[in-house]
Amino acid sequence: MPQMAPIGWLSLFIIFSVTFLLFSVMNYYSVIPLAPKSSSLTEKTTNSMNWKW
């Protein structure tokens with residue numbers, strides 16, 4: 001029935017929006033960042049950027 005078409009479009013929009021949000025949240029929380037170790041912070045060397053004229 002053509003009178004029911006807006007309800008169908010609204011339900012499709014809601015379903016696709018919920019699935020998009022679900023996959024976005026899953027993608028965001030799927031990677032666990034690793035904390036830097038204290039030993040790697042002390043071993044960091046600084047390169048001198050002075051010109052050797």
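The model is predicted, and its secondary structure comes to two helices and zero strands. Of the 53 residues in the protein chain, buried residues make up 0%. UniProt, in an unreviewed entry, places the feature "transmembrane region" at residues 6-29.

**Helix α1 and the annotated region**

- Helix α1, which covers residues 5-29, has 25 residues and reaches 36 Å from its first C-alpha to its last, close to the 36 Å expected at 1.5 Å a residue.
- Over residues 6-29, the stretch that the UniProt record labels "transmembrane region", the chain is 100% helix and 0% strand, with the end C-alpha atoms 34 Å apart.
- The number of buried residues among the 25 of α1 is zero, so the helix lies largely in the open.

**Surface of the chain**

- The protein chain exposes about 6,000 Å², and carbon and sulfur atoms supply 73% of that area.
- A nonpolar patch on the surface is formed by W9, L12, I15 and F16, which together have about 490 Å² of accessible area.
- L12, a member of this patch, has its place in helix α1.
- L12 counts as partly exposed because its relative accessibility is 40%, a value that falls between the limit of under 20% for buried and that of over 50% for exposed.

**The aromatic pair**

- The count of aromatic pairs in the model comes to one.
- The rings of Y28 and Y29 have their centres 4.9 Å apart and their planes at 85°, so the pair is edge-to-face, given that planes over 60 degrees apart are classed in this way.
- Y28 counts as exposed because its relative accessibility is 63%, and Y29 likewise counts as exposed because its relative accessibility is 60%, with the cut-off for exposed set at over 50%.

Notes: Residues numbered from 1 in each chain as written. Predicted model: local features only at pLDDT ≥ 70, side-chain atom pairs only at ≥ 80, totals over all residues. Heavy atoms only, no water. UniProt positions renumbered as here; feature names shortened; annotations may be inferred. Helix = DSSP H or I, 4+ residues; strand = E, 2+ residues; numbered from the N terminus. Buried < 20%, exposed > 50% of the residue type's maximum accessible area, 1.4 Å probe, protein only. Areas by Shrake-Rupley, 256 points an atom, 1.4 Å probe, with all protein chains shown as cover. Patch = residues over 30% accessible without salt bridge, like charges linked within 9 Å, V, L, I, M, F, W, Y side chains within 5 Å. Salt bridge = Lys/Arg side-chain N within 4 Å of Asp/Glu carboxyl O. Expected span 1.5 Å × (residues − 1). Phe/Tyr/Trp six-rings, centres within 6.5 Å; stacked < 30°, edge-to-face > 60°.
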